[in-house]
Amino acid sequence: MKKPVNIPKAEGRLGVLLPGMGAVGTTFIAGCLLARKGLAEPIGSVTQMGTIRLGKRTDGRSPKIQDFVSLAKLDDLVFGGWDLFPVNAYEAAQTAEVLKREHLDAIKDELEAIRAMPAVFFPEFVKRLRGENVKTQTNKMELGEAVREDIRNFKQTNKLDRCVAVWCGSTEVYREPSDVHQSLSAFEQGLRDSSPDISPSQVYAWACLKEGIPYANGAPHLTTDTAAMLELARETRTPVCGKDFKTGQTLMKTLLAPGFRARMLGIRGWFSTNILGNRDGEVLDDPDSFKSKEVSKLGVLETILQPELHPKLYGDMYHKVRINYYPPRGDQKEGWDNIDIFGWLGYPMQVKIDFLCRDSILAAPLVLDLALFMDLAKRAEMSGIQEWLSFYFKAPITAPGLYPENDLFVQLVKMKNMLRWMNDEELITHLGHEYYD
Ligand SMILES: NC(=O)c1ccc[n+]([C@@H]2O[C@H](COP(=O)([O-])OP(=O)(O)OC[C@H]3O[C@@H](n4cnc5c(N)ncnc54)[C@H](O)[C@@H]3O)[C@@H](O)[C@H]2O)c1
């Protein structure tokens, strides 16, 4: 990768476009609005709260990340999005039932001003939802062009200097890449022909990349991880990353698994199940959407534990993941893990986790960080897959032939070293206690 020089400063206004204004999207927007008024803290956001050590341990230099690299300020963010329900962000946040009334009412006017633009939606890709705020064009190329027009209008109306997009929409059904995904020309022909293999998220991503807008995928389905989209990203010099925000149960998994592996403790089985009752849970109740999620959730242990290197410890591991839609819990998911491990001489032990988490509270800061870092990547002219942002994803996209790095701590080192490298600081490639910072 070419080293960025003279990265332009993050001056002016940055538009953050969200395909999907549901629980995660509105919790993100509301959190940014509350934080910039000083009414709440942006906890969980590395760009807002994180520091970065520079030089030797004895140098005592650990600036905040946002003082080390030039990132857009919360005050400079302008929010927009699409949804198949004709709501504004205040109504959508109320439906999501994540944030308290007192929080939402403090920013009611700003939230109400953010109205969902009509969506690109094909019901066969999200079987459990139907909404009326949907674009009327039937040809997929026309739909893509309509999204491009939305983006240009949004930029112009809000006098924006730059934009980024983060998919916060529902998880689409599982699909493998097909012929239309093999090259940009095949994909654009597929759009003209309204190929059934092209999903709504791919239409949004195509429109964003055409406009040179960085695109992060917060869901596990197939979008920018195809040859066609990567060709377009290269052509328009646009960064992409994904997929599937790393929150909740998988976050716990990628915290614990590196520890077991570091101590050469074996694992016989890892059973994960959870209950959640939000709209995301309802969508994932459909087996085809769940399949996208399952593939993304199952992949993480394999690359962390590397059973091919340690067959005696992990060669025989049984890994099972379940998601159960249970409306009474809303966004307040409960996730249980039972881990059957074994130690010295093969003696068995068990670890049990009961994580009472709040899905969107964990995901919202990730949307903020991704928006700001993707904007940085674009200004630094770093196009294509941004592997240094793997930290945020369950199933990081990698260049063909590479396996993803899923260990959260390795991902953190990678991300901070990228920031050091961009700013001509010495890389820190250590072990020991600095490993975590
Ligand atoms: N919350 C988490 O911890 C977490 C973690 C990883 C991934 N995710 C993913 O993030 C996404 C958002 O999660 P959520 O809890 O906000 O879900 P949600 O159901 O509350 O919101 C998704 C919204 O997307 C809209 N939508 C669906 N298809 C659309 C389209 N084609 N165009 C525009 N809007 C569309 C839906 O109407 C809905 O309002 C999901 O895909 C979820 O799997 C969430």
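Predicted model: local features only at pLDDT ≥ 70, side-chain atom pairs only at ≥ 80, totals over all residues.
The domain assignment divides the protein into domain 1 (14-245 + 361-433) and domain 2 (249-356). Taken over C-alpha atoms, the centres of domain 1 and domain 2 are separated by 25 Å. Domain 1 contributes 26 residues to the contact, and domain 2 contributes 26 residues. On the side of domain 1 that touches domain 2, 13 residues are nonpolar, five are polar and eight are charged.

The ligand is surrounded by 37 residues, of which G20, G22, V24, A219 and R279 are the closest. Two or more residues of this shell come from each of α1 (23-36), β2 (77-83), α12 (279-284) and α15 (359-379). The largest share, four residues, belongs to α15. Both domains take part, since at least three residues of the shell around the ligand are drawn from each of domain 1 and domain 2. By class, the shell comprises 20 nonpolar, 12 polar and five charged residues.

Packed helices are described by the angle and the distance between their axes. For helix α7 (residues 140-157) and helix α9 (residues 200-210), the axes come within 9 Å and cross at roughly 50°. The two helices α7 and α9 are therefore oblique to each other, and their crossing is right-handed. From α7, the contact involves K140, L143, G144, V147, R148 and I151. From α9, V203, Y204, W206, A207, C208 and K210 take part. The residues of this contact between α7 and α9 comprise eight nonpolar, one polar and three charged.

Notes
Residues numbered from 1 in each chain as written. Near = placed C-beta within 6 Å. Nonpolar A, V, L, I, M, F, W, Y, C, P; charged D, E, K, R; others polar. Domains from an automatic or database assignment. Contact = placed C-beta atoms within 7 Å. Axes fitted to C-alpha atoms, helices over the stretch in contact; angles between N-to-C directions. Parallel < 35°, antiparallel > 145°, perpendicular 65-115°, else oblique. Left-handed = near helix turned anticlockwise from the far one by under 90°.
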